[in-house]
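Here's a quick tour of a protein model, written for someone who likes to see the cut-offs next to the numbers.

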Amino acid sequence: MSRRLGLAVIAANLVGILVLVFAYPHLMVSPGPLVAAHSQLTTDCASCHTPWHGPDPARCVQCHVVAEIGLRTTDGTPMVRRKKTSSFHQQLIQQNCNACHSDHQGPLRTEANRVRFSHAVLRPESRMQCETCHTAPRNRIHTNITGACAQCHRPSAWRPATLNHRTLFVLDRNHSPTCVTCHTGGDYTRYTCYGCHAHTEARITAKHVEEGVRDVRNCVRCHRSASESGESEER
């Protein structure tokens, strides 16, 4: 009799828990409070979740029109953008909101399991259009550079870059031109030393012939800086 009573109590508890899970899922199974923008959905789990399957991206786009994500709010109000960039949500391979977004901000969402954005979710033709989302660094090397980030950088990581002026050609106190002086036509994979008044092709060729050097096609092979000896005088 006591065994039957014990099983009955256990069964009643399980039924009670199941009832509570369906009646108050936000209190029973929620990993934490929702982000502020979705706080009004705290008690309406079905707005985002499909029973037994978790969050469903198809339900996200019922409120968030893909063509307007990042541009307008769900009520159609234009968004004030802090940077002059375009929304990249329209360039995704597939509309899988869960790949980047997790609306619950509970204790289970630690830094270790925080969702990281991956450029792999973008269409291939969009992965190299860095300037639509990123602002160029404000440093000496990137002065006057417009776009063409993919010539030196890769979406997988900003560093290392394929071009490193610290080793290939040091921009020291004797040589501090703008990028367009050496890199013409927006092509930073090539360079010319004939872009300034002191380095005409005829003059450089004649000077090297005097020293017995006839192949002057690759200047940086011998000159790592503006120094005639090729040694850096960086300070």
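Cysteine 100 itself is partly exposed, at 25% relative accessible area (buried is under 20%, exposed is over 50%, and partly exposed is what's in between, with a 1.4 Å probe and protein chains only).

A disulfide is a covalent bond between the sulfur atoms of two cysteines. The cut-off used here is a pair of cysteine sulfur atoms within 2.5 Å, and the structure holds zero disulfides.

## Ground rules

This is a predicted model, so local features need pLDDT of at least 70 and side-chain atom pairs count only at pLDDT 80 or more, while totals for chains, interfaces and linings use all residues. Residues are numbered from 1 along each chain as its sequence is written, and side-chain values use heavy atoms, with hydrogens and water left out.

## The overall layout

What does the secondary structure come to? Five helices and two strands, running α-α-β-β-α-α-α from the N terminus. Both kinds of element are DSSP runs numbered from the N terminus: helices are H or I with at least four residues, strands are E with at least two.

Of the 235 residues, 17% are buried. The accessible surface is about 17600 Å², and carbon and sulfur atoms own 58% of it (Shrake-Rupley with a 1.4 Å probe; for residues, only the protein chains shown count as cover). Among contacts with a separation of 6 or more, 51% join residues 24 or more positions apart, where contact means heavy atoms within 4.5 Å.

## A nonpolar patch

Leu7, Ile10, Leu14 and Ile17 form a nonpolar surface patch with about 370 Å² of accessible area together. Patch members need over 30% relative accessible area and no salt bridge; nonpolar side chains (Val, Leu, Ile, Met, Phe, Trp, Tyr) are joined within 5 Å, like charges within 9 Å. Leucine 7 belongs to helix 1, residues 2-23, and is partly exposed at 47%.

## Two spots in one loop

The loop between helix 3 (57-63) and helix 4 (179-182) holds serine 126. Serine 126 counts as buried, at 9% relative accessibility. Its side chain makes a polar contact with the side chain of glutamine 91 at 3.1 Å (N or O atoms within 3.5 Å; within protein, one must be able to donate a hydrogen and the other to accept it, and residues adjacent in sequence count only if both atoms are side-chain atoms).

Leucine 168 is also in the loop between helix 3 and helix 4, and is partly exposed at 36%. Leaving out residues up to four places away in sequence, leucine 168 touches Leu163, Val220, His223 and Arg224. Leucine 168 and arginine 221 are 53 residues apart in sequence, yet their C-alpha atoms are 8.8 Å apart.

## Salt bridges

How many salt bridges does the structure hold? Two, going by a side-chain nitrogen of Lys or Arg within 4 Å of a carboxyl oxygen of Asp or Glu.

One joins arginine 217 and aspartate 215 at 2.9 Å, N to O; arginine 217 is exposed at 73%, while aspartate 215 is partly exposed at 30%. In the other, aspartate 187 meets arginine 190 at 3.6 Å, N to O. Aspartate 187 is partly exposed at 24%, and arginine 190 is exposed at 60%.
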